[in-house]
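Me: Please go through this structure with me, a few points at a time.

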Amino acid sequence: MLRSALFVLGLALRRLGRGTGATGLVVIGIALGAAAVVGVRAGTTVAQDRAVAQAVERIPEGSRSVRAVWFGVPGQSDDLQPALDARARSALRRAGALESHALVLFRETTIAGDFAGLGGVEGLARWVELRSGRLPGACRPERCEVLRLRGDGRLPAPPGLRLVEVGEAALASNVLFGDFLAPTDNALADAEVSPVVAAAAGYHRPAPPPLFLAEGVAMLAGAPALARLYRSYAWVAPLEAGTPRLWEIDDLAGGVTQARSELQARTTSFDLIAPVEELRSAQAESRRAGNRLALVGGEAAVLLFAFAILAAMTLRRDLRAARRRLAWSGARGWQLGLLTATETGLIALAGTMLGFALGLAGGALVAERAGAPVGDVLAKSILSGTGLLLVGLVAIAATAVLVATVASMPLRLGRAPVTPLDLAAIAAALLVVFSLRRGDDDSGLVLLLPGLVTFAAAVAIARLLRPVLRVAERLTHRGSHGGLRLGLRLAVLSLGRNPGYAVAATSFLVVSFGLALFAETYRATLSAGERDGAAYAVPRDFVVRQELRRLIPVLDAAPLGRLRALGPGVDVDPILRLTGGVGRQEGESGITLLGLPPSSVGLLRWRSDFGSRSPEALGAAIEAPDGDGSVRLGIDTRELVVRTSGDEVRFAAELRTVSGRFLRLDLGLTGTGTLRAVLPREARAGWLVGFAIEPATRLQERGADAGQAVSGRFRVLTPALEDWIGVGGARLENGAVSYTLTDQIATRLRPRVPSDREPVPVLATPRLAAAADSAGLLPLQIAGERVTVRVAERIARFPGVNGQAVVGDVGALLSLLNAERPGAARVDELWIGAADDTVAARLARELERKPYDVLRVVSRRALEAEARQDPIAHGTLLALAISALVALGLALAGILLTVLGDLRDERGELFDLEAEGAAPRLLRRVIRLRALTVTLAGLLAGALTGLALGAVVTDLVALTARATAAEPPLRLDVDWTIVGVALAVYTVAAGALVIAATRDAFPNDGAPGRVEAIE
């Protein structure tokens, strides 16, 4: 038995040693498939590592470090600063931080009678930018030189420690101090802010005390004069560019946890701080993004394995002939199986090892070009246990595929032949349906989608091809019998009666063209998704908002007139954005109220799935009259005069200045009869927008038998009021106002606004539109006030808003909300449009300068550029483009193999036709029309497969190219221009290949030899 097995093995080796073109094609196909799987794994690791590095760069400077901190007073600690220093540095080394920098900070405390901040830094020169003077020398008791970082206060003079100021500086980075210092503590860096910024900063935060920094830590930490002061010690290890690597995050997180425990086991005054959550989040996002690249790699592997199967079909005839000869010689079944397994296994192993080597070299090249450590990347990807297991699985899968290709026989159930491929295709289709119903894009099944869909489609077209060809043969039987029709009929007839190799070729074209169309369609979808996402987040070219760290109102730093004067091509829209709820309706407490000019709706990038009507029609639907009916106060108006009677209450006038600010002017209590108030200077050219009537003291209203409302009357003498109304218990009749006042609701006198006659029309998202009554009225709770709007149109979503939204005319909404409570709403955002790229570039430079630099400016073009530069997005789009090109190239190779296979498999039939008088021209036409028929069938089915696969993946993997949740959702996008050009190029190239392959197939001076024809 052993000799029999060795004989079969030797025969297999001798057969493979002779080598044929088909064997080489199979090896190359498997090698390229294995290289795609292995190379994509390495490329994915590189892209994920780069994505983590960019995420680390986005962490705020103050948090971009691993720091050990200690807070307290030395007298309450068992260890002095040197012992704490040794313990902290040891813990940081355990966490993976080899180099750390020490500092001590006495923050905002009384030092020798002076209120100031004092600190010492190890290696101070690295962390400051000198503005004047010089850098300090080492701190000594007799002369401790310091730099001033802020403030105008006096330098403390503690006994036994002589502090000497030698210069002024600003912090070069927030990495060192982190959140020890507030953003405004680095005052010298912002010394030349605009008057608006300076005034606002002074209003929101008092001037901080002076802060002084010395060189070194030990002297200040051990100074007797400072021994009773609280201080913070910190040892900071900055996260340098490129660290930690993707594969180092787990070790860093574990090391931080252990080091924290080590420090806190000695004293609770210690803590260890690191951006572990941010790093974990970046790691998780990068791994999720890796699934996208793995999906692309799976697509390439499926394509190349399919090509290997097609090439393996050329081995079937030769291997089956060898099996028949062995069987005639008395070989047993196990010997025949051993021959098949040995040949296919060695071919698969050779292809896999070659692919492994190619993938290893490609992965190393990608890592080197990306600046990543080549050895670490390969060790964590291709050469890891998982990577080597993947290579082994590729070899096993390739062997199984080849065995199934060359040796599988139909399994007949009744009269319908059912093969294992049919059963596998049904299972694949069911898995796809299961994935869609489950909607789980995190499952490993997503990575198999290209293979599952294309496999099911290929088997389906193989099953449908013969019946379709028979129908086509009947159709071609009718009509005239010209040369072209005769050739077509013969081609279709031969295909329908004996499809043979053509079935495999058609199935391969379904796979190759389907994957090519999917790759291009998915690339276009992701690219469009990035553009749509940027346009959704930034509805116009720029969005200008308040910077929350500075609290500068947008219109204070960027008045509309000043922006519009920046030059031609600049369009500025004032935007109102507030949050609120829908009355007391459960689950609707986080809606967005957006106000914008109706004319600007038509300028937004609008998708048909946002709403059923055009943006121009939606803009027209929300047009509403504005105006607040306020009384303009002339420059000569000096005071307000009100004559009152009734119970004592408090009166206040509500004013709006020319700059748009709202003021409250207290007129006092009504006990005097006539109330007078001098207008502040800034309000004299402004507007009177209302009067508030409030109880003089809080009214007690515990029920019907305790407490009561107060009432009275008043008349405004200066200025005269026309068309005003009372709300909340006030009534205006013949110039006099009567009121009934409680603590429950606000009682006011205000101008009549257009929304008093007709509710403001709005656009509403589905859940909010469903909450409106039959007349479309929707009560909103916005800025603490109850207002009612009318739903004019329903929309699915609106650019610039995530979640449920109500969108209306900005002027009408401002009038409505400020009528209810002056100052409740004001323009707090600007959308700026640019006529072209030149204007946008100029505008971007202007918005970086003062006074706009105190605001938050977001650019649509910048978001799109960031998306293009993202390593995951760039790698995904590039891989998809390359996959599409490779698929088209292999599809051409498949056409060539189809023609060569026909010339080989149809030799007998072609000889019979030539013997019956068929001219070589007709024979060539038959072969060409067979190839054309196969090509058309493959292209049609492949197109349907590619579109279906694109729709499935887009629906299931609802992520952008950067693997983030898409807003708005991804929508299948087909770039028909690129598809049309590619199809035209493919058609021309395929035609040229077919013509070239058949040009010399049937020479005029002879026919194929009889022995060759019937072999």
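**Disulfide and chain overview**

Reply: Cys144 is buried, at a relative accessible area of 0%; buried means under 20%, exposed over 50% and partly exposed in between, with a 1.4 Å probe and protein chains only. This is a predicted model, in which local features need pLDDT of at least 70 and side-chain atom pairs pLDDT 80 or more, while totals for chains, interfaces and linings use all residues. Residues are numbered from 1 along each chain as its sequence is written, and side-chain values use heavy atoms, without hydrogens and water.

Me: How far apart are the sulfur atoms of Cys139 and Cys144?

Reply: A disulfide is a pair of cysteine sulfur atoms within 2.5 Å. Cys139 is buried as well, with a relative accessible area of 11%. Cys139 and Cys144 form a disulfide, and their sulfur atoms are separated by 1.9 Å.

Me: Is the link of Cys139 and Cys144 left-handed or right-handed?

Reply: The angle about the S-S bond is -110 degrees. That makes the link of Cys139 and Cys144 left-handed.

Me: What percentage of the residues in the protein chain is buried?

Reply: The protein chain has 1015 residues. Of these, the buried share is 50%.

Me: What is the C-alpha separation of Val760 and Ile622?

Reply: Val760 lies in strand S26, residues 760–764, where a strand is a DSSP run of E with at least two residues, numbered from the N terminus. Val760 is buried, with a relative accessible area of 3%. Val760 and Ile622 are 138 residues apart along the chain, and their C-alpha atoms are separated by 7.7 Å.

Conventions:
Helix = DSSP H or I, 4+ residues; strand = E, 2+ residues; numbered from the N terminus.
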